[in-house]
Amino acid sequence: MRLEPRTQVPLALAIAAPASAIVLALLLAAIPLLWAEVSVLEAYGLIFKGALGSRFAVTETLARATPLIFTGLAAAVAFRAKLWNIGAEGQLYLGALTAAAVGTGAVTLPGFAMIPLVLIVGALAGALLMLIPTILKLRLGVDEVVTTLLLNFVVLLFVSMMIEGPMKDPMGMGWPQSEPIVEAATLPKLVARTRVHAGLILAILAGIAVWIMMQRTTWGFEARAVGASPAAARFAGMPVPRVMIRVGLISGALAGLAGVGEVAGLKGYLTLDLSPGFGYSGIVVAMLAQLNALAVIVAALFVAIVFVGADFMSRAIGVSNYLANLVVATSLLTMLLASLATRYRLRWR
Amino acid sequence: MKDNRAPEDFVLRLRGITKRFGALLANDAIDLELRRGAILALLGENGAGKTTLMNILFGHYLADRGEVLVAGLGGGLAPLRAGSPSAALDAGIGMVHQHFTLADNLSAFENIILGTQSLFRPWLDRGSARRKLEKLMAGSGLNVDLDAAVGVLSVGERQRIEILKALYRGARILILDEPTAVLTPQEAERLFETLRRLVAQGLSIVFISHKLAEVMAVSQRVVVLRKGKVVADLATAETDAAHLAETMVGRAIPKTVRTAMAPGAVILELDKVRVAGVHGRPALKDASLSLRAHEILGIAGVSGNGQVALSNLICGLQAPEGGAVSLHGQAVALGSPAGMVAAGVGRIPEDRLHDGVVGDMAVWENLALEDYRKPAFSRASFLRRDAARAHARQSIEDFDVRCPGPEAATRLLSGGNVQKLILARVLTRAPMVILANQPSRGLDIGAVTEVHRRLLDARARGAGIILISEDLDELLALSDRVAVLHRGVLSASMATEEVTIRQLGLMMAGHDRQEPAHDAA
């Protein structure tokens, strides 16, 4: 048995491989369900129902997918250039903090200007935060995996300090949270009385824009070349440090936007439980999408379905919603297998 | 080899060795016999299957079919357990790889006894090991300073250590994989003398090479491999280099002919250029050269003597610490690859897969790698993909790059085709200065001929070419002038017609030129 590289990937296989990866992941995750002595079909049925079974369920899933698209894009862009940004969580929180600082009354502008303003400052905050590890990497050769990861905790403590101190809501009954975002800075709801907001549209547009950038522009050409072979890119005359900085800025900005969306679209104020690890889940989303920006949108939806659905299933039959983590993690592994199958052909003997 | 000698005259016999890698038949029913006390040359182009065959013999690979028989101490041939390097070692097979496997920080002595003594003994038995080694050195003429750290020794000395290591482990059959690739001509000659002495003492040697002159000089028998098959098995005395070359390639080889050409104006001038190396030691010391139009300047030298620094300087990868570089009489921005590309320097890198192409990108993308910002390939930051693809199709056709098409992933191309791709990218820009660093290393003869033709065409067009090569035959065939690099010092250049391989070899080893230098530059 051996592997042989494929020169071409048939379209049917390109579609069938990820689909069967998901099916295989669900089958594997069924083992602990059997162990828990519940009906596998019922559990998966409940996950499906909980995520897509009603109008409300769908809006919940879409609301959950919104930050995941942004953080997934942040990881996909950076990873393509082999800039290992593990700090989307921190960039998300700093984006959220800045949006909250600007959007809770520090500036008063009409809605058409206020919304772009919070988006821009939030994106800028994420971008500038990512600039630090990128420059450390380029100048001193510091591993960005370490710096981006550790900056997450720095940012979290900083946010904690701000919402316990200067930014604390005096009307918040002592809870560590910021003042609410003013009406003019709030992202409009897409469906009345649900949590899905205009951030979703922005996220999808960002996905399309990132895809176009990576595939069709000189910036993307440079980023892909630098990622695939820094030595050859440098030899050919590409400005490798500039490309890295640009990629870092874009990645950080996308993660910052995730934070703005959560504060200005979903929650309305800043707390320390704003993100249940969207920054880290974004890495999984990007890997599931194999760093393709359009596929990030689909992968984010998948992860959102699993998590939202698992919460519902957990409430209904009492199986821990930790199953969602299991399904997502397993699907990441099976997706790696699928990508192997699309790149190589298995030959017996 | 059907003769009536006793079978115990053979120490090694391969029968019907077949090995397949995917669609590639690397070894196709290969039969091979090695006589005791003989040197057998295994000749073939890159990819002919020499290394695969030896890896099967040494147990690194498992053959699909066929068997290996090795003579035991008693003399009779017995099958060798397949797929086990330790079985091969036990059977007295020693291998010296092209890339040495020595630990730089250990002494020669420690390297040789490494792994030969029991792990369960608390100290090394140095005394008897040393006595055994000294006896071996005296008998073979392989003299090395046993207490010197390997890191400070020359390549020739390291090779002697590798051979000693094999002998110390009781090798009766020695396999040498391209042993002269890293040696100066004098060192190579010294190696041949040692080998002759060793076979006279009863050692049997398989000598892998693609250099015909050496094969003719050192072997008693030649086995020629082509596309995984044995195409000839001859006594060396009954053949000649030209016939071997044709057998190896499978067709007549067009000879590279360099027509005399009057050099033009000076295009590139280096004046006392210093380039830093590792640990603060200069890699290039006050190098001066001038390159004219219609001229190829060859740079000879054993690798690691400053070639990388010279190449990095002209490729724009490294800025000099001192000295002046001028292009067309004007100073250029140094230390910037893009600056060099813009100044009209064509660069063919030494490591074509590492520096030359992005393997995971398509052929068309690699062909646009230096020019993607030009209006021909992008407009307002958007790539003009159709234009770039059309350009790629043209280049593929003009330079005969064998690939499925512009969309093919570059990593799937063979070495020769990757080099053609790089030539296409570099030469279609019609550069006036070309740096070619080991442009034909590792290519088969067909591709080598193509590379040489392209370089000579560029010279005819008026370009000046700096050709860095370790292959002296190539240098002398292509260059109008030759200079030698030794420990970062670039010699004055000499007209190719007035210099011999022997002189170059001495200069590569650090001797001054014997005759008064003809300074053409």
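User: Which element gives the largest share of the lining of the largest cavity?
Analyst: This is a predicted model, in which local features need pLDDT of at least 70 and side-chain atom pairs count only at pLDDT 80 or more, whereas totals for chains, interfaces and linings use all residues. A cavity is a set of points, on a 1 Å grid over the protein atoms alone, where a 1.4 Å probe fits but cannot get out, and lining residues have an atom within 4 Å of a point. Among the lining residues are B:L142, B:G156, B:R160, B:E187 and B:T194, and the elements that give two or more residues are helix 5 (155-168) and helix 6 (185-200) of chain B. The largest share, 4 residues, comes from helix 6 of chain B.

User: How much space lies in the largest cavity?
Analyst: The whole structure holds 4 cavities of 30 Å³ or more. A volume is the space filled by probe spheres set on the grid points, which are joined across faces, edges and corners. For the largest cavity, that space is about 80 Å³.

User: Which domains of chain B each give at least three residues to the lining of the largest cavity?
Analyst: The lining divides into 3 nonpolar, 3 polar and 3 charged residues; Ala, Val, Leu, Ile, Met, Phe, Trp, Tyr, Cys and Pro count as nonpolar, Asp, Glu, Lys and Arg as charged, and the others, Gly among them, as polar. Domain bounds come from an automatic or database assignment. The domains that each supply at least three lining residues are domain 1 (9-92 + 172-248) and domain 2 (102-171).

User: Which residue of strand 4 of chain B is the bridge partner of B:R13?
Analyst: Strands (E, at least two residues) and helices (H or I, at least four) are DSSP runs numbered from the N terminus, and two strands pair if DSSP finds at least two bridges between them. Strand 1 (residues 10-21) of chain B runs antiparallel to strand 2 (residues 24-35), with 8 bridges, and B:I17 is partnered there by B:I30. Strand 1 also runs antiparallel to strand 4 (residues 65-71), with 5 bridges. In strand 4, the partner of B:R13 is B:L69.

User: Which residue in the turn of the hairpin of strand 1 and strand 2 of chain B has a positive phi?
Analyst: The hairpin leaves 2 residues between its strands. The turn residue with a positive phi, about 60 degrees, is B:G22.

User: Is A:G256 buried or exposed?
Analyst: A:G256 sits in helix 10 (residues 240-267) of chain A. Beyond its neighbours within four places in sequence, its contacts (heavy atoms within 4.5 Å) are A:Q91, A:L92, A:G95, A:G122 and A:G126. Buried means under 20% relative accessible area, exposed over 50%, and partly exposed in between, by a 1.4 Å probe on protein chains only. Because its relative accessible area is 0%, A:G256 is buried.

User: What is the relative accessible area of B:A380?
Analyst: Residues are numbered from 1 along each chain as its sequence is written, chains are lettered from A and ligands numbered from 1 in the order written, and side-chain values use heavy atoms, without hydrogens and water. B:A380 lies in the loop between strand 17 (378-379) and strand 18 (382-383) of chain B. Its phi is positive, about 50 degrees, although the residue is not a glycine. B:A380 is exposed, with a relative accessible area of 69%.

Definitions and conventions
On a 1 Å grid over the protein atoms alone, a cavity is a set of points where a 1.4 Å probe fits but cannot get out, and a pocket is an open set with protein on both sides within 12 Å along at least five of seven lines; lining residues have an atom within 4 Å of a point.
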